[in-house]
Structure formats: structure tokens, C-alpha cells
Amino acid sequence: MKLLLIGSASVHTFRYLAGIAPHVDEIHLVTSGELPARYHAANLGRVLQVDFSLKALATAGKIAGLIDAVQPDIVHVHQANSVAWHARRALAGRKLPWLLTCWGSDVLLLPRQNRFMKHLVAANLAAASAVTSDSLHMAAVCRELAPIRRMDVLNFGMDALPPAPDVAAKPLSVLSCRLHKPLYRIDAIVRAWAEVEADADARFAGWTLTVAASGDETESLKTLAASLGLARVHFTGFVAPEVLAGLYRDARVFVSVPKSDATSISLLEAMGHGCLPVLSNLPANLEWVLDGVNGAIVEDVQRLGAALKTQLLRAADDAQLAEAVALNRRLVAEKGLHQHNMQRFADIYRDLLALPEGNRR
């Protein structure tokens, strides 16, 4: 099977390429940046770099030229935004089946910007042979936007389930590792942490907050922490995956409160490594965490400090944490592992190729 993968220059696209490559005979890539060497696959063929912005009107022609050259059996497009728009124009008039995978903001936020963007996303969804979503909620949003020929709910998954953590050996540590962008509201986490440090209750004295990752707001977040006089916050900057795995392993609590999100890989990784998730009240989060059972859902982020303190006390209890960890790791094992889900993606390809040619598009 020859696969043409089309996606932005993101670690998610590159990680998908490396994961799906063993399931196909050849794989070719259209992306918007350099493919890091660590993601090169043995059966990787052509790599075409293009501009996916809406003003790049020549991009569809470049993709069409690559399709003519490599003659793929199937095309897989990542994100229902301008990436899919260029791909859709390149595929117009062809019998090729194509799968469209939605990531989150492309469906949950972009259509809200204006009528043009809503129409663009809807047209992309309607044109695809099949669509995947990483949450039931996002799948429902897709169906509200456009008629969908086939929908599958699955995620990219975490690489592998790590060994069961020694809960008793975990230090009193909280981890935030989402990007430092307004969407992820890391400033709310820092402000909530100020309430933890200010609390005179001795049970909070030993806890620390690690703020990993980086982004446009990193410096302002450090300034905020300094202005609040915080002494137990550690900014790591961007860290390699193996370092991040160690941060998950050493954390009892994982906190993530974005304004919008689908199923995030960071949540799956936190659950797999034995962290208690503290999350914002978003539909996709509710598909993984039952409030008060295997984590906590914060209905009002303005009151995150109080919610965080409640969960710190809970996570400090080894027995309570171990109970939540066992359930979370079971959920990840059943629904959130990378290789298993790559096989499911490959199965979708084969299902589409098995359809009569007239029913593929």
C-alpha cells in the first residue's frame, strides 16, 4: 500500500508518520517544514515542503504534481483547516480515497471565527472518504458541521504503557507541561499555585510545582511567578521526551486547564505514568476522567487554587492515589496506546481500499 501523508510540520504529524510507516509499503509526505531525522522511516519516499497558508494558492498544484508522480493508493490528511483545503483541491476529480483526521482546534475553534472558516471546514469534512476524531464530543461537532461518510473515534496514543509506578516513592510534585500559550492558561495554574504556597496548612509545605514546556508566554509566566513571590515553582523549558517521562513519573498530580481541547497526548501520558489528573471542564476530558473518581474536573478555573489543594491532599494519600492510578492505566491500555491505534488507522485504510471504486469518495 502506498500512503501519501499530508500534515503541518508538527511533532504530531511526524510521530504519526513514524508510527504508521510499518503498516504500509511506501509512505510519502507533504508538510510545511523539515522532517527531523529521528522520524525518518525506512520506507519513506518523497518529502515535499509546501506553504499551507490560505494565500499559498499554488500549493494544491504542487500536491497534485506529487500525487501524479508517486501514484498513492490512499491519502491521509491531518487537520480540517487550510491543510485539508489545499489537499481537497489537489484531489478534486480523482478517485483516490482520503482520510481526514481532526486534531481539535481545527473543528472546535476555527469554525467559530467567521462564516468563511466554518464553510471551509465543513466542505473539507464533507469531501473526505472518512474522518477520525480523538473524542466522541469532537465527532459529534463534526457531524453538526457536515455530513460524514464514515467516522472513527481513536487517538494517536502514548508510545507505550510504562511500568507500574511505585506510588509511595513519588515525591510531592505537581506537573504542568502544556505549551505556554493563552489557550492553555498556564497563568491560571501559577496563580492557583500561589494559594497553595500561601496556605499555612503544613500538609502543603512539601509540595512543588514543575512547569515544563515553553512558548510565547514563558517569560511573562516567570515574571508572574516572581511577582507572586513563589519559591516552589520550577520552570524547565522544553524538555526531551525521555526527560518529560521522568517528570510524569515523579509527579503525583498533573494539571491542565486549557480553554479548548480534544484528547491530549499529555493527558494519556500523565494517566499512564500514574499522575492524578486535574483538568478543565471540557467534553473530551469527561470521556477520560470521572470527577472525584480517577481525577478531578475543575468547573471554574478562577477557583483552581481551592480545587488544586483538595486534590493535593488526596494525591498525598498513597492508597487513594494508587486506586486512581490503577483505573487510569487500564483506560490508557484499552484506548490510548500508540501502536494499537496505528493498527486501527491501517485497518481504516484497508477498509476504504476494499470499497468499490465508486463508493470511495
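A residue is called buried here when its relative accessible area is under 20%, exposed when that area is over 50%, and partly exposed in between, using a 1.4 Å probe and protein chains only. The structure is a predicted model, in which local features need pLDDT of at least 70 and side-chain atom pairs count only at pLDDT 80 or more, while totals for chains, interfaces and linings use all residues. Residues are numbered from 1 along each chain as its sequence is written, and side-chain values use heavy atoms, with hydrogens and water left out.

Helices (H or I, at least four residues) and strands (E, at least two) are DSSP runs, numbered from the N terminus. Of the 10 residues of α1, 7 are buried, so this helix is largely enclosed by the rest of the structure. Those residues are Thr13, Phe14, Arg15, Tyr16, Leu17, Gly19 and Ile20. They pack against the strands β1 (2–6), β2 (26–31), β3 (44–49) and β4 (74–78), as well as the helices α10 (265–272) and α14; contact means heavy atoms within 4.5 Å.

Leaving aside residues up to four places away in sequence, leucine 17 touches Leu5, Ile27, Leu29, Tyr39, Ala41 and Leu44. Leucine 35 lies 18 residues from leucine 17 in sequence, and their C-alpha atoms are 10 Å apart in space.

Helix α1 (residues 11–20) meets helix α14 (residues 338–354) at an angle of about 75 degrees, and their axes are 9 Å apart. Axes are lines fitted to C-alpha atoms, for helices over the stretch in contact, and angles run from 0 to 180 degrees between N-to-C directions. The two helices are therefore roughly perpendicular to each other, given that angles under 35 degrees count as roughly parallel, over 145 as roughly antiparallel, 65 to 115 as roughly perpendicular and the rest as oblique. On the α1 side, Arg15, Tyr16, Gly19 and Ile20 take part, and they meet His338, Gln339, Met342, Phe345, Ala346 and Tyr349 of α14.

Two loop residues complete the tour. Most residues other than glycine have a negative phi. Glutamine 79, however, has a positive phi near 90 degrees; this residue sits in the loop between β4 and α3 and is buried, with a relative accessible area of 11%. Alanine 213 also has a positive phi, of about 75 degrees. The loop between β9 and α8 holds alanine 213, which counts as buried at 11% relative accessibility.
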